[in-house]
Amino acid sequence: MNLAIDIGNTAVKWAAFDGDSLVETGYGMPEAMLAKAERVLACASGDAECDVPVLTAATPLPIKLDYKTPATLGADRIADACGAWAMHRGEPSLVIDAGTCITVDFVDGNGVYHGGAIMPGLKMGLRALNTFTAKLPLVDIDNVKRAPVLGRSTEESIMAGTLGATMLALAGYVALYREKNPKMHVLLTGGDARCLVDAGATGWELAPHLTLTGLNEIMTHDR
């Protein structure tokens, strides 16, 4: 059994795999599962510390990294790219990971990772507007079902400028990449992925366990 652990900025998620099959998932450090696992690999964000093997750019990977500064490349971005390769091997994929930050990363059909973009996450953008201005309120995005194009109140205007602009930016990235890769898969993951879907992101494949799938793909590749 392979045990994949995603230690994010706000939560710890894990998944147990039997080969390529997802067996069980959970939250928090899986102390009981650690004793059962044959192989363990963690993806740690920021300065998170753990007592299990941690993914880095130096870890043997099933894909090639074509990136100027691989030592600074986030482990979550590497794992997401490997997860996209595991799900759509031999085909190009664009990964959108909507977490604390939103990352956009491209893997071509030959399994080469080419980098992408990093932008503020939805909640980060909302907190910044509230923190760095005198009067703008902190807007709760969790129950928003649709991003307004034309805000007719201060809260709606904030939502149009945060969620709406993010949706437009991501749609723009997808369109640009699709010009050269018309058969490209678009995978959406991360804590705010469902919020983007609720707000109107259509035609993208929701992959809630993509990071964990990528960690399992790395462990399987390194056998």
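This briefing describes the pockets, the strands and several individual residues of one protein structure.

The structure is a predicted model, in which local features need pLDDT of at least 70, side-chain atom pairs count only at pLDDT 80 or more, and totals for chains, interfaces and linings use all residues. Residues are numbered from 1 along each chain as its sequence is written, and side-chain values use heavy atoms, with hydrogens and water left out. Helices (DSSP runs of H or I, at least four residues) and strands (DSSP runs of E, at least two residues) are numbered from the N terminus.

**The largest pocket**

- Rolling a probe the size of a water molecule over the atoms shows where empty space is left.
- A pocket is an open set of points on a 1 Å grid over the protein atoms alone, where a 1.4 Å probe fits and protein lies on both sides within 12 Å along at least five of seven lines. Lining residues have an atom within 4 Å of a point.
- The largest pocket has a volume of about 1000 Å³, where a volume is the space filled by probe spheres set on the grid points, which are joined across faces, edges and corners.
- This pocket is lined by 42 residues, and those closest to its centre are Lys-13, Asp-97, Gly-99, Gly-190 and Gly-191.
- At least two lining residues come from each of β2 (12-18), β3 (21-27), α2 (75-87), β7 (101-107), α3 (122-131), α5 (193-198) and α6 (210-221). Helix α3 gives the most, with 4 residues.
- By class, the lining of the largest pocket comprises 15 nonpolar, 18 polar and 9 charged residues. Here Ala, Val, Leu, Ile, Met, Phe, Trp, Tyr, Cys and Pro count as nonpolar, Asp, Glu, Lys and Arg as charged, and the others, Gly among them, as polar.

**The second largest pocket**

- The second largest pocket has a volume of about 210 Å³.
- Its lining consists of 13 residues, with Phe-17, Asp-20, Ala-86, Met-87 and Thr-213 nearest the centre.
- Helices α2 and α6 are the elements that give two or more residues to this lining, and α6 gives the most, with 4 residues.
- The lining of the second largest pocket divides into 7 nonpolar, 3 polar and 3 charged residues.

**Strands and hairpins**

- Strands of a sheet pair through backbone hydrogen bonds, either parallel or antiparallel. Two strands are taken as paired if DSSP finds at least two bridges between them.
- An open sheet of 6 strands has the order β5-β8-β7-β6-β9-β10, with mixed pairing. Strands β5 (64-65) and β10 (205-206) stand at the edges with a single partner strand each, so one side of each has no neighbour in the sheet.
- β5 pairs with β8 (residues 112-120) in the parallel sense over 2 bridges, and Leu-65 has Tyr-113 in β8 as its bridge partner.
- β7 and β8 run antiparallel and are joined by 6 bridges. Thr-103 stands opposite Ile-118 in β8.
- The hairpin of β7 and β8 has 4 residues between the strands, and Gly-111 takes a positive phi near 80° there.
- β2 and β3 also pair in the antiparallel sense, over 6 bridges. Phe-17 stands opposite Leu-22 in β3.
- In the hairpin of β2 and β3, 2 residues lie between the strands, and Gly-19 takes a positive phi near 65°.

**Aromatic pairs**

- The whole structure contains 2 aromatic pairs. Rings of Phe, Tyr and Trp (its six-membered ring) pair if their centres lie within 6.5 Å; planes under 30 degrees apart count as stacked, over 60 as edge-to-face and the rest as tilted.
- Tyr-67 and Tyr-113 form a tilted pair, 5.9 Å centre to centre with 45° between the planes.
- This pair links distant parts of the chain, 46 residues apart: Tyr-67 is in the loop between β5 and α2, and Tyr-113 is in strand β8.
- Tyr-67 is partly exposed at 26% relative accessibility, whereas Tyr-113 is buried at 0%. Buried means under 20% relative accessible area, exposed over 50%, and partly exposed in between (1.4 Å probe, protein chains only).

**Two further buried residues**

- Thr-59 lies in the loop between β4 (39-44) and β5 and is buried at 17% relative accessibility. Its side chain reaches the backbone nitrogen of Thr-56 at 3.1 Å.
- Glu-217 belongs to helix α6 and is buried at 8% relative accessibility.
- Glu-217 and Asp-97 are 120 residues apart in sequence and 18 Å apart in space, C-alpha to C-alpha.

Terms used. Polar contact = N/O pair within 3.5 Å; in protein donor to acceptor, adjacent residues only side chain to side chain.
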